[in-house]
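Open the model in your viewer and keep the selection panel at hand. The tour starts at one side chain and then moves to a whole chain.

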Amino acid sequence: MARREEARPGYWGDYGGRYVPETLVAPLEELAAAFDKQRRRRAFRSRLDGLLRHYAGRPTPLFEAARLSDQLGGARLWLKREDLLHTGAHKINNALGQALLAESMGKRRLIAETGAGQHGVATATAAALLGQTCTIYMGEEDMRRQHPNVERMRLLGAQVAAVDSGSRTLKDAINEALRDWVTNVRDTHYVLGSVLGPDPYPRMVREFHQVIGHEAKRQLKKQAGRAWPDLAVACVGGGSNAIGLFGAFLDEPRVRLIGVEAGGTGAGLGRHAARFRGATVGVLHGTRTLVLQDREGQIAGTHSVSAGLDYPAIGPEHVRLAEQGRVEYTAVDDDEAIEAFHTLAELEGILPALETAHAVAEAMRHAPRLGPDKVILVNLSGRGDKDLESVLAYDAKRGVVGRPEAG
Amino acid sequence: MSAIDAAFARCRADRRAAFIPYLTAGDPDLETTGRLLEALTRGGADIIELGVPFSDPIADGPVNQRAAARALAAGTSLSGILDLVAGCRERLGVPIVLFTYFNPILARGVESFAEQAAASGVDGVLCVDLPPEEAAGELLPALREVGVASVFLLAPTSTRAREKAVAAASSGFVYYVSRTGVTGTREELPPELLREAKRLRRRLKLPLAVGFGISTPEQVEAVGKVADGVVVGSALVRIVEQRAGDADLVEIVEREASRLSGPLRG
């Protein structure tokens, strides 16, 4: 049976590691030690659990999407409603965990990168709650397409630093955050927002999101009378919500696991962010993983309608899980994601984030092929309020005027 | 004795620190870089650091970021850089250390990179995002196999335990990063730098070069008193940026290198 192997913490087979300038090595060792210590301390865990419960709104509901399931005419779709968390996405699980950890280390300043803005908003929120100062790095292109989140971060007291280098998206925001961190590492904690980057980030972010899968498993048993879903689906940018959902099911081979990448507008390099379609092993942002790059090792541009999936590398653990055949990875393109966005809105009254819409689209592909006794669990990782402008602009460009009644 | 060891030995005999200028290869193009390397040599370079442009240079400030972007836009590749070194290394007579990120090396293949670097006459490799722990199973043995020096960094945040590990993995020299931060010019040297450099130099068997943020003759002079080598990068890269179109770019860079190395030559 495929199992996670971590003979060396922070490495998954040939992937992971700590590929950083010397200035950051000792601070990462210190961070790893603090994480290993605090995660075992009852005081830390109960404080985090208390915040997740009374501040962020855990446990999140598990909801049977009955009308959508009926229309698809096959398996039943169950949605893990991470979109209902405070700040609107799963990202708050990790932001609160890391902000508390920073506090325990005596670091009074938080920095973070953000793509869609959800991780930036979550970090700004945690900083406000704990009285920490906060700077969020965001690509100019993403600031344009996720404007509401920029305003939210500012209202929360964070400084939003516009990044105008490179593709002006998530990758460049991480570059800038790392440059800030390497400069201010003594008093600053970098709240990395996905299962990416140098150790201990991939395993630390994973741990803070494990709650997603464990809750869903309990709820499924109670509400659907099922110990396991037949299929669990999550979108994968860096891969944090997917790792959070899959963690509870990795050791149960009956559960098929699918991660969904951004297929963008086509198969050519630069037109998508599907690392399992054309990426090769590389080192980016401190970790060894699959990276979309050219033959010279220069990082390639990416495209997705969803800012949160628009990134050339994937969390190292995902690459190992794919190698082991434990998780399958597929891609959904811009058109299909937008279609799923509308369908979920019209049939279930839920506007999903465009990132999340990729997972919904994949689940919709599978449901009709499975019997009504089958259960598909979808991580509804975020809500789509931030994407209204993007969706409207997309529809206008495609000439969709009024949409026909669905259902 | 390697060419890097010989360069430091010569400087030691002259009772001075080595002058180690840096330029990004391919900025504005490789042909010009070739002529600029000669200008650096005439301007007093004892060792030259040659930057390999990378699309996502997380350890570099804006000046070197822009230089890398220009070099990549001009089509600069690692093999082009190695060809350039192969063509000029002997004529220059000055050791060349590649200053690079790991991904371009990984994309080429670590062993084949090491072989080609050695065949081209590259004297050392400094991989800025590859600490000794990650180099141990891969780049380090590959470079040792072909006799190319591996230069590692120490930083103000390095612990005593790391000083040992870095010293053990390094050959040629150890590069001390003068401050926490990215490359780029700064008004002042960090107040604790001179003391730290002195302490490290006593601890290390290898020569100690100091870089990051050193941009004026006065700073070169001050650091030269406590280190075996002084690296100047962004100050020169900025001149290439500002004067790339000038017919006398090469002379300008030579004059600037002379001005910066002057305090070391006494």
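Predicted model: local features only at pLDDT ≥ 70, side-chain atom pairs only at ≥ 80, totals over all residues.

Select Thr114(A) and Gly117(A). A polar atom of the Thr114(A) side chain lies 3.1 Å from the backbone nitrogen of Gly117(A).

Residues are numbered from 1 along each chain as its sequence is written, chains are lettered from A and ligands numbered from 1 in the order in which they are written, and side-chain values use heavy atoms, with hydrogens and water left out.

Next, colour strand S5, residues 109-114 of chain A, where Thr114(A) is found. Strands are DSSP runs of E, at least two residues; helices are runs of H or I, at least four; both are numbered from the N terminus.

Buried or exposed: which is Thr114(A)? Thr114(A) counts as buried because its relative accessibility is 1%. Buried means under 20% relative accessible area (1.4 Å probe, protein chains only).

Show what surrounds the side chain. Beyond neighbours within four places in sequence, Thr114(A) is in contact with residues including Ile136(A), Tyr137(A), Met153(A) and Leu170(A). Contact means heavy atoms within 4.5 Å.

Now switch to chain B. Look for 13 helices and nine strands. The C-alpha trace spans about 45 × 40 × 35 Å along its principal axes. Of the 266 residues in chain B, 62% are buried.

Key:
Buried < 20%, exposed > 50% of the residue type's maximum accessible area, 1.4 Å probe, protein only. Polar contact = N/O pair within 3.5 Å; in protein donor to acceptor, adjacent residues only side chain to side chain.
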